[in-house]
Every structure is written in structure tokens, then in C-alpha cells.
Amino acid sequence: MPEIRTQECRALASSALCGTLGRAPRSAARCGSRRACLQIRAAVMQSTPLPMRSNELKNSTPVEEMKKLRLISAIKTPYLPDGRFDLEAYDSLVRTQVDHGVEGLIVGGTTGEGHLMNWDEHIMLIAHTVNCFGDKIKVIGNTGSNSTREAIHATEQGFAAGMHAALHINPYYGKTSMDGLLLHFKSVLAMGPTVIYNVPGRTGQDIPPSVIEKIASSPNFLGVKECMGNERVKHYTEQGIAVWSGNDDQCHDSRWDFGARGVISVVSNLVPKLMHELMFSGKNQERNEKLMPLINWLFVEPNPIGLNTALSQLGLIRPVFRLPYAPLNVEKRQEFVKIVEGIGRENFPGCTEVRLLKDDDFLLVERY
């Protein structure tokens, strides 16, 4: 009997669908009930969809307040031996940033290995950071994606969790046209305060000034994290567009000679106090040169390999790597010990002596 009813319903659904396509429906007599036929038709016909967007305020963080930030750290995400987040170590890293004057955090960015997280982990970490530190530091969630659909969904969740702003990269690998870039960024800018991140070395595609200038009039546009050098920084500042240097080795000159608001930094995970001085205390070429050996060492391999290795040697995180990342070799680890001694251990967070870890001390996690 259940199978007969199923067949009847299929016939009725087909009948209703034919009617919506302009063909004469089959008789509903076999159903035995006109009411049943109408119920099936109601199930097939769709109502007018609700609008995808509203004009309601999604986030109350003043854009001008966010534009004033000088020192933003791309914070590292540490792990437990099973590959899960080590939130205790993470909180300690964040507290160090807050205590040394860092004004904002990029959560789940390249440095934080957002690309190795699923979206549940990603949004959870943003929410955790907001919940624990949102009243002390601005939380900028990396909710960018090469899929506009995913970028919109993640950004909605991030703002619902309370983040102050979003960071959005241009679609990578499956690159798009300039028109596609504009449409992508306009879609996510509708959600709340947003920093656009231009790093062609990772995405394979430059975001040209022509695109940035077309979206700069959006009330949610904060500015650009720019990795294409100081001439590009100068161009934007001359246009009145806020820009943060995305290159630690160029950020001093970007800030004091080319008009950048500040830096979105990796090295500030290691020397937040010195980076604060570099961004707030005026031009200091001597201090800048002193940091260059550390910065050059940090990026000898793609970020965040160097940072993960350094934080492990300082005893600030467990020496756990999510693959495909693996630590720098022992020669580079020895070099880091000397760099710390040269700059001064007191300028780095933590209180233990910098360690020379052996290869066996590192745990490489392939499933997490």
C-alpha cells in the first residue's frame, strides 16, 4: 500500500509540474481527491524568494576608527599534539600582543593558517578571540575565499560572532576577470568594514589600483593590505586611500616615507614592543636595520614556516606543525638562536632561554 501511494504522488507531482510548464495536466481522478492534487501542486510551485541582502547595519564598528590602526598582527594559531587548536597557548600569544600595544589582530590569515582550517574551526577561533579579547583589541577575521559564496557565508558568520572587520583576498587559483573582481568585492563589502588584501605572490593575480579605486567609495571599505611595494603604497595615499604595508621589511619606510597607516605584521608575533616603537615613535632607521636579520630569517621559507619554528624555539607554543608545513632545518634554527642573542632576549616574549630544538622534537600532524 505505501508503494501505491508513492506512485500516486509521483503521478500527481508530474501532473502539477506539467501544468506549470504550460502542458495540459493528466487527470487527477486516479488520486481520488482534488484536495490531494492541490496539496501536491502547492509542494511543487515555489513562492517568490526573499531578497538576498538587506540594508540593515551589520556591524557597528566605526570605519574611521578602524582606519586609525597602526600596528596589526597576523596572529599565529598554535596546536595541541593531536592537531587541534591550543587555545591556552593562543590566549597567551594574544595577551602578549595586547600588553605591548598591538591594536588589531588578523585571525585565521596566512600566518594563522586559516587555509588549513575548516570553516567551523575558522569561525570558532574568530568568535573565541572576540569573546576573550574583543574589548581590548580589534579583531579582523580572515573570511576571504576564492568562492564568492563561501566568502559571503563566512563573513556573515564572522560578523555575527562579533568581529570588528573582515579581511578579503582576491579569488586565487581559479582567477577571474577585473569585472569578476569588482563583483566579488562588492558582494563582501556589503557585509561590514573590510580590508582588501593584495598579495600576488600567493594568489597569482595582482589587484590593480583601477579595481581598488572603484570600490573605495563603499562606506565599508577600510583600505588595502598591500604587498606590491612602496610605490603602490604611495599611489594609494596620494588618492586618500588607507593602506597598510603587508611587508615587514618595507613597513618602516612605508609608514614614514610613503604615507602608509601602518603595517599588518608577522614579525610582531616575536617582537611586538619593537614593532610598536617602529610604527609609533617616529622614523628610526637604526632600529629598522637592527630588525632586518630577524625579518630576513623569518621569510627564508614561505610564511608561516619561520614563525612556527621561532615560536617553538622560544617555548611559546608546542612544536606541532600541521602539514604541509615543516620546521626550518637545524642550521637555520641555530641561526635563530644567534639572532635572538643579537637583538636581546628581553625583546622577545616569554621568559625561557631560546632553545635549539632537535628534529625529533617536532611533531608533524597530517590528519587533524
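Thr148, Ala151 and Ile152 in helix H6 meet His184, Ser187 and Val188 in helix H7, where contact means heavy atoms within 4.5 Å. Helices here are DSSP runs (H or I, at least four residues), numbered from the N terminus. This is a predicted model, where local features need pLDDT of at least 70, side-chain atom pairs count only at pLDDT 80 or more, and totals for chains, interfaces and linings use all residues. Residues are numbered from 1 along each chain as its sequence is written, and side-chain values use heavy atoms, with hydrogens and water left out.

Back to the two helices. H6 covers residues 148-160 and H7 residues 178-189; their axes come within 9 Å and cross at roughly 15°. The axes are lines fitted to C-alpha atoms over the stretch in contact, with angles from 0 to 180 degrees between N-to-C directions. Angles under 35 degrees count as roughly parallel, so H6 and H7 are roughly parallel to each other.

Leaving aside neighbours within four places in sequence, Met275 is in contact with residues including Leu71, Cys251 and Leu291.

Is Cys251 buried or exposed? Cys251 is buried, at 0% relative accessibility, while Cys132 is partly exposed at 27%. Buried means under 20% relative accessible area, exposed over 50%, partly exposed in between (1.4 Å probe, protein chains only). The whole structure has 0 disulfides, meaning pairs of cysteine sulfur atoms within 2.5 Å.

Notes: Parallel < 35°, antiparallel > 145°, perpendicular 65-115°, else oblique.
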